[in-house]
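This report describes a two-chain protein model that the reader can inspect alongside the text. Please keep the sequence and the coordinates in view while reading.

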Amino acid sequence: MKRKKTDITVAATGLNNVDNPGPGIPVIRGIKDSKEFNPRIIGLAYENLEPGIYMKELVDKSYHIPYPTAGSDVLIKRLEYIHGEEKINVLIPNFDAELYTFMKASGKLGEMGIKTFLPTLEQFEERHKANLNEFGKKYSLYVPYSKTVVSEREIKNFAEEYKYPIYVKGKFYDAYSAYDYDEAREAMNKIAAKWGFPVILQQYISGNEVNVVALGDGKGNMVGAVAMRKLYITDKGKAWAGVTLADRKLIELTEKVIGETSWRGGMELEIIKDKDGKYYLLEINPRLPAWVYLAVGAGQNLPEALVKLALGLNVEHYDKYEVGKIFIRYSYDMITDINEFEKLSLYAEL
Amino acid sequence: MFSKPKKTVMNLNKMVAISENGFVFDAETGDSYSLNPAGLNIIEMIKKHTPVEDIKNQILKEYEVTPETLDKSLDDFIWSLKGFNIVEKEED
């Protein structure tokens, strides 16, 4: 006899399924694939043209929410209204830049009956790109040397010590490789104009970039992890295609990071494997990445497991996945009506 | 007494999968390659731990190629296999 699925309402951000996609839609696809839940999906959007808003087969209803800069009080007020309409069980924020606000708001959300499963503030802060050197030291991991800078003058000193090429990175988003001073300065200005200072200069490590999506239960256990290598990278450095790998050491490294930090929630590790087989941790993104649906396709439904953790349910720990599974993104023109856009613009919901 | 000359045997990297069509996938790195039928034939022999000398003899039997040309081509091919980490190590 087939067990009846549990009705559940899940709200998710990150509906910007564009060329630099947010993880919202892949996370939602994982939850919709669940054999245990019958989800109603509420999209939380910042912009009118986030494609996920119009994907009716995936998102049942969407609401505008205020930008993180408005602060957690304004956010909570808006979510109170949405919760009144929708009775949200679980909320999954999917942007780095909004996580802090949601973490601050998580207590109040919990009181309202909206469950989240996010990293702690301490976990969130210590894995910041700007703190990578200390993170590496604390957990005995190889990391490229990184320096937080606030002016162009610091580029020359850094490059004298670490030689070009170097990486120039924004605190939250954007990364450029620079092969000389002019390129580094241009990258720094681009990032600073968009995201402001500080900017991070990072030593370049030569090797293969590999990525891991993983989920920690907050008690030091790894619920699941899937390793991937990008097969096609866009000019924004984002994976447009990727393949799952059988790299036991990479998974062990992920388990060590989750175990020692007691990581809570989804994460993505960006790692360089150098020619000697050493793994350098470049970044920890504190949420499931936009390629998480590859993990679902390879046998680990991490978005579903995240929902279960948020609800305090027992979670199956995944110890394997299919190697050689490939994801390939594509662009697709949806046709909608100006009335839809109008409704969203006027009433902030659709 | 003379000891029997040792024969060089190549080992395929355990993480490498090879399809019957000659598609090679390294599951650890995600790299993939395509082999032509002769390359696939050689890889199949390496997989069976056939010594390099015996591979050469077999290829000379099956293909129209001089021993000199084969020597050079096979050395180049094995060098590439090592470079791509498809062949792990040699045993004598």
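Predicted model: local features only at pLDDT ≥ 70, side-chain atom pairs only at ≥ 80, totals over all residues.

Residues are numbered from 1 along each chain as its sequence is written, chains are lettered from A and ligands numbered from 1 in the order in which they are written, and side-chain values use heavy atoms, with hydrogens and water left out.

**Strand E11 of chain A**

Helices (H or I, at least four residues) and strands (E, at least two) are DSSP runs numbered from the N terminus. Strand E11 of chain A covers residues 239–244, and five of its six residues are buried, so the strand is largely enclosed by the rest of the structure; here buried means under 20% relative accessible area, exposed over 50%, and partly exposed in between, with a 1.4 Å probe and protein chains only. Two strands are taken to pair if DSSP finds at least two bridges between them. Strand E10 (residues 222–233) of chain A pairs with E11(A) in the antiparallel sense over five bridges, and within E11(A) it is Ala241(A) that stands opposite Tyr232(A). The hairpin of E10(A) and E11(A) has five residues between the strands, and there Gly237(A) takes a positive phi near 80 degrees. E11(A) is also joined by three bridges to strand E14 (residues 326–328) of chain A, again running antiparallel, with Phe327(A) in E14(A) as the bridge partner of Gly242(A).

**The interface of chain A and chain B**

With contact defined as heavy atoms within 4.5 Å, 11 residues of chain A are in contact with seven residues of chain B. About 630 Å² is buried between chain A and chain B, and carbon and sulfur atoms give 49% of this, where buried area is the accessible area (1.4 Å probe) that two parts lose on being put together, summed over both. In chain A, Arg229(A), Leu245(A) and Ala246(A) lose the most area to chain B, together 51% of what that side buries. A salt bridge is a side-chain nitrogen of Lys or Arg within 4 Å of a carboxyl oxygen of Asp or Glu, and two are found across this interface; Lys273(A) forms a salt bridge with Glu28(B). On the side of chain A that touches chain B, the elements that give two or more residues are E10 and E11 of chain A.

**Chain B**

Chain B has three helices and five strands, which follow the pattern β-β-β-β-α-α-α-β along the sequence. Of its 92 residues, 38% count as buried. Among the contacts in chain B with a separation of 6 or more, 54% come from residues 24 or more positions apart.

**Salt bridges**

Over all chains the count comes to 21 salt bridges. The table lists some of the pairs.

| Pair | Closest N to O distance |
|---|---|
| Arg287(A) and Asp96(A) | 2.4 Å |
| Lys230(A) and Glu209(A) | 3.4 Å |
| Lys273(A) and Glu28(B) | 3.1 Å |

In the pair of Arg287(A) and Asp96(A), Arg287(A) is buried with a relative accessible area of 12%, and Asp96(A) is buried at 4%. Lys129(A) lies in the loop between helix H4 (121–126) and helix H5 (132–138) of chain A and Glu283(A) in strand E13 of chain A, so this pair ties together parts that are 154 residues apart in sequence. Lys129(A) is buried, with a relative accessible area of 7%, and Glu283(A) counts as buried at 7% relative accessibility. Lys230(A) is buried, with a relative accessible area of 17%, whereas Glu209(A) is partly exposed at 27%.

**Backbone exceptions**

Most residues other than glycine have a negative phi, and most peptide bonds are trans. The peptide bond from Tyr164(A) to Pro165(A) is cis, with omega near 0 degrees, and Pro165(A) is found in the loop between helix H6 (153–162) and strand E6 (166–170) of chain A. The bond from Phe197(A) to Pro198(A) is cis, with omega near 0 degrees, and Pro198(A) lies in the loop between helix H7 (181–195) and strand E8 (199–203) of chain A. Ala348(A), in the segment after helix H11 (338–347) of chain A, has a positive phi near 60 degrees. In chain B, Asn85(B) has a positive phi of about 65 degrees although it is not a glycine; Asn85(B) lies in the loop between helix H3 (67–83) and strand E5 (87–91) of chain B and is partly exposed, with a relative accessible area of 38%.
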